[in-house]
Amino acid sequence: MKDLLLIALFAALGAAAAGLLGLAALRLLRRRSLALTLFAVAVVSVLAVTSGTFAVARAMFLSRHDLGVVVTVLAVASTVALLTAALLGRQVTAGGRALAAAARTVGGDTGFTPPDRPLGRELAAVSAELAATSARLAESRDRERALDASRRELIAWISHDLRTPLAGLRAMAEALEDGVAEEPERYLARIRTEVERLTGMVDDLFELSRIQAGALSLSPSRVSLHDLVDDALAGAHPLARQRGVRLEGRRVEPAPIEADPREITRAIGNLLVNAIRATPPDGVVAVSTHREADAVVLAVTDGCGGIPEPDLPRVFETGWRGTAARTPRPTGPADPGTPDTADSGAGLGLAIVRGIVEAHDGRALVRNVEGGCCFEITLPAARRA
């Protein structure tokens with residue numbers, strides 16, 4: 001028992017000396033390559049075993065021959081261990097370099113290109129995360145490009161839509177100023193109409209900016225969708241009468257929803273105005289609602305004749321106008337008594353509808369029906385009291 005304790009003591013002293021040297025080496029190599037660190041760990045392990053074994057062999061007073069055998073075995077084993085550690089470190093370094101080269105492709109136009117050599121589990125996990133990050137960056141870049149394109153189109157359309165009423169206002173103001181207006185009252189009425197049109201455009205822009213910035217403040221309450229539809233129909237009735245379009249809302253159920261009454265009324269009003277302007281005279285715009293599980297669906301059907309299928313996914317985009325048949329006609333200053341047939345916005349109404357509906361955890365969609373289009377908004381139904 002005493003001999004075993006002595007052997008353990010000599011082995012511990014030899015291993016401790018190697019361990020202290022190893023700690024110092026690892027401290028010096030903490031900023032160096034991983035391969036060198038792994039090789040240093042292998043060297044420390046080999047030294048610990050070798051020094052401990054050699055110390056015990058010397059303490060046991062082995063013969064010169066036996067001591068030579070022990071030393072030879074230790075030398076061969078140490079050489080094999082160190083060579084293996086060097087090869088392992090080289091393999092890890094090669095994998096790290098391949099992964100670093102692949103990481104430089106993250107965010108590129110061609111996407112992430114993974115290393116073409118097998119990697120260890122940890123490096124493979126890093127490669128998978130880089131691939132996922134590259135995919136997210138690509139999606140973000142596509143969204144940014146789409147937003148930039150939409151923003152440029154919106155600026156172009158807004159500039160065009162502002163230029164027309166401003167030119168008319170300037171011409172009418174000059175006519176009044178020069179005293180050449182035969183009926184000043186008609187010019188003043190037309191000026192007021194154009195100002196109201198510009199005010200509507202500014203209101204739409206402000207509302208859309210709040211929606212896109214996530215700053216739309218909602219004050220939800222339990223309301224009847226029937227009442228909101230009645231308010232929206234009352235607001236759209238003058239435009240429908242001017243256009244010769246008949247409004248129908250006989251299939252509206254008194255379904256309760258949890259929503260901001262003002263914002264939902266605005267969304268319904270935008271759908272009605274869009275439908276009225278797209279429907280020819282003597283046409284019909286119908287409003288209906290129905291329940292679907294835990295949701296309430298409101299549908300506004302017009303008589304526009306339909307939208308080309310490729311354009312359907314773009315209907316709710318900011319600034320979308322569609323075909324010339326759905327694009328409002330500009331009015332000029334030549335005849336100040338002409339009824340206002342121009343759109344009060346710049347293709348923002350449906351984008352505002354989608355923003356408001358999605359802010360209420362709902363969804364908006366459009367589909368072609370016989371003779372026209374059906375715009376639907378789906379809103380969560382109010383919980384039972």
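This is a short exchange on how some terms apply to a predicted model.

Biologist: What are the ground rules for the numbers?

Modeller: The model is predicted, with local features needing pLDDT of at least 70 and side-chain atom pairs counting only at pLDDT 80 or more, while totals for chains, interfaces and linings use all residues. Residues are numbered from 1 along each chain as its sequence is written, and side-chain values use heavy atoms, with hydrogens and water left out.

Biologist: Why are strand 2 and strand 6 called edges?

Modeller: The open sheet has five strands in the order 2-4-5-7-6, with mixed pairing. Strand 2 (246-251) and strand 6 (363-369) each have a single partner strand, so one side of each has no neighbour in the sheet. Strand 6 is joined to strand 7 by seven antiparallel bridges, and Arg367 is bridged to Cys374. In their hairpin, two residues lie between the strands, and Gly371 has a positive phi near 85°.

Biologist: Why is strand 7 called largely enclosed?

Modeller: Buried means under 20% relative accessible area, exposed over 50%, and partly exposed in between, with a 1.4 Å probe and protein chains only. Eight of the nine residues of strand 7 are buried, so the rest of the structure largely encloses this strand.

Biologist: What covers the buried residues of helix 8?

Modeller: The buried residues of helix 8 are Leu350, Ala351, Ile352, Val353, Gly355, Ile356 and Val357. Contact means heavy atoms within 4.5 Å, and the cover includes helix 5, helix 7 (261-278), strand 6 and strand 7. Asp361, with a positive phi near 65°, follows helix 8.

Biologist: How is the lining of the second largest pocket classed?

Modeller: Ala, Val, Leu, Ile, Met, Phe, Trp, Tyr, Cys and Pro count as nonpolar, Asp, Glu, Lys and Arg as charged, and the others, Gly among them, as polar. On that basis the lining has eight nonpolar, five polar and seven charged residues. Helix 4 supplies the largest share of this lining, eight residues.

Technical notes. Pairing = 2+ DSSP bridges. Helix = DSSP H or I, 4+ residues; strand = E, 2+ residues; numbered from the N terminus.
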